[in-house]
Amino acid sequence: LAGALNTRKLWGWSTDPEADKSEAIAHAKTALRLGSQDALVLALSALVLANQSGEIELADSLLDEAIRLDPNGITGWTWAGWTKGCLGDHQTAIDYLQRALKLNPLDPRIFFVQCGQSLAHFFLGSYQEGLKCATDALRHHPSWVLALRAAMACHAMLGNIEAAHKLWRQVALLSPS
């Protein structure tokens, strides 16, 4: 339930974002109390806490434990990669996200992994590789605004201003605010 409320709020589907945020956090904390030895519970609760309450360091430690409990779980590696990126450890983020990609390259949510890689490469100054990863993510989910923004930023840094401007128009249509 925490994960569903988190998704609903993040994707703009919520009719009451503040209520969804509050409920998502409460359900994530309940899940942690009830399933502290379950890697998926740890990973999804960490995702909710990172996104909804900004508890990045707590999420990072929960994700480390999720990976320890299930080293073959794509969810733990994926969100740990994103969390490492949020903490500024972009090379570790790339390594974790690459591990997630290897674990399940056909996962329908692989665009999360590819976009995370794109952002990490961007922040390391590897704009060409970042653009490749963003393009891969957009192949799976062409209207995901975060991947469009990553591609736009990489294009701009590579000097491809016309391509960046074209993506900006697409982002502005999908996310006018």
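This is a predicted model: local features need pLDDT of at least 70, side-chain atom pairs count only at pLDDT 80 or more; totals for chains, interfaces and linings use all residues.

Mentor: Residues are numbered from 1 along each chain as its sequence is written, and side-chain values use heavy atoms, with hydrogens and water left out.

The protein has ten helices and zero strands, where a helix is a DSSP run of H or I of at least four residues, a strand is a run of E of at least two, and numbering starts from the N terminus. The radius of gyration, taken over C-alpha atoms, is 16 Å, close to the 16 Å that the globule rule (2.2 Å times the number of residues to the power 0.38) gives for 177 residues, so the protein is as compact as a globular protein of that length. The C-alpha trace spans about 50 × 35 × 30 Å along its principal axes. Of the 177 residues, 44% count as buried, that is, under 20% relative accessible area with a 1.4 Å probe and protein chains only; exposed means over 50%, and partly exposed lies in between. Among contacts (heavy atoms within 4.5 Å) with a separation of 6 or more, 49% join residues 24 or more positions apart.

The largest pocket has a volume of about 1100 Å³. A pocket is an open set of points on a 1 Å grid over the protein atoms alone, where a 1.4 Å probe fits, with protein on both sides within 12 Å along at least five of seven lines. The points are joined across faces, edges and corners, and the volume is the space filled by probe spheres set on them. Lining residues have an atom within 4 Å of a point. There are 43 of them, and Leu 10, Asn 51, Trp 79, Phe 112 and Trp 144 lie nearest the centre. By type, the lining comprises 25 nonpolar, 15 polar and three charged residues; Ala, Val, Leu, Ile, Met, Phe, Trp, Tyr, Cys and Pro count as nonpolar, Asp, Glu, Lys and Arg as charged, and the others, Gly among them, as polar.

Seven helices each supply at least two lining residues: α1 (2–10), α3 (39–53), α4 (56–69), α5 (74–86), α6 (90–103), α7 (110–123) and α9 (145–157). The greatest share comes from α5, with nine residues.

Twelve of the 13 residues of α5 are buried, so α5 is largely enclosed by the rest of the structure. The buried set includes Trp 77, Trp 79 and Trp 82, together with Lys 84, and Trp 79 is also one of the residues nearest the pocket centre. The cover over these buried residues includes α3, α4, α6, α7 and α9. From first to last C-alpha, α5 reaches 18 Å, close to the 18 Å expected at 1.5 Å times one less than the number of residues. Just after α5, Gly 88 takes a positive phi of about 90°.

Gly 125, which follows α7, has a positive phi near 85°.

Three loop residues complete the account. Trp 13, between α1 and α2 (17–34), counts as exposed at 56% relative accessibility; beyond four places in sequence, Trp 13 touches Thr 7 and Arg 8. Ser 36, between α2 and α3, is partly exposed at 37% and, with neighbours within four places left aside, is in contact with Ala 31, Leu 42 and Leu 69. Pro 142 lies between α8 and α9 and is exposed at 52%; on the same exclusion, Pro 142 is in contact with Leu 148 and Gln 170.
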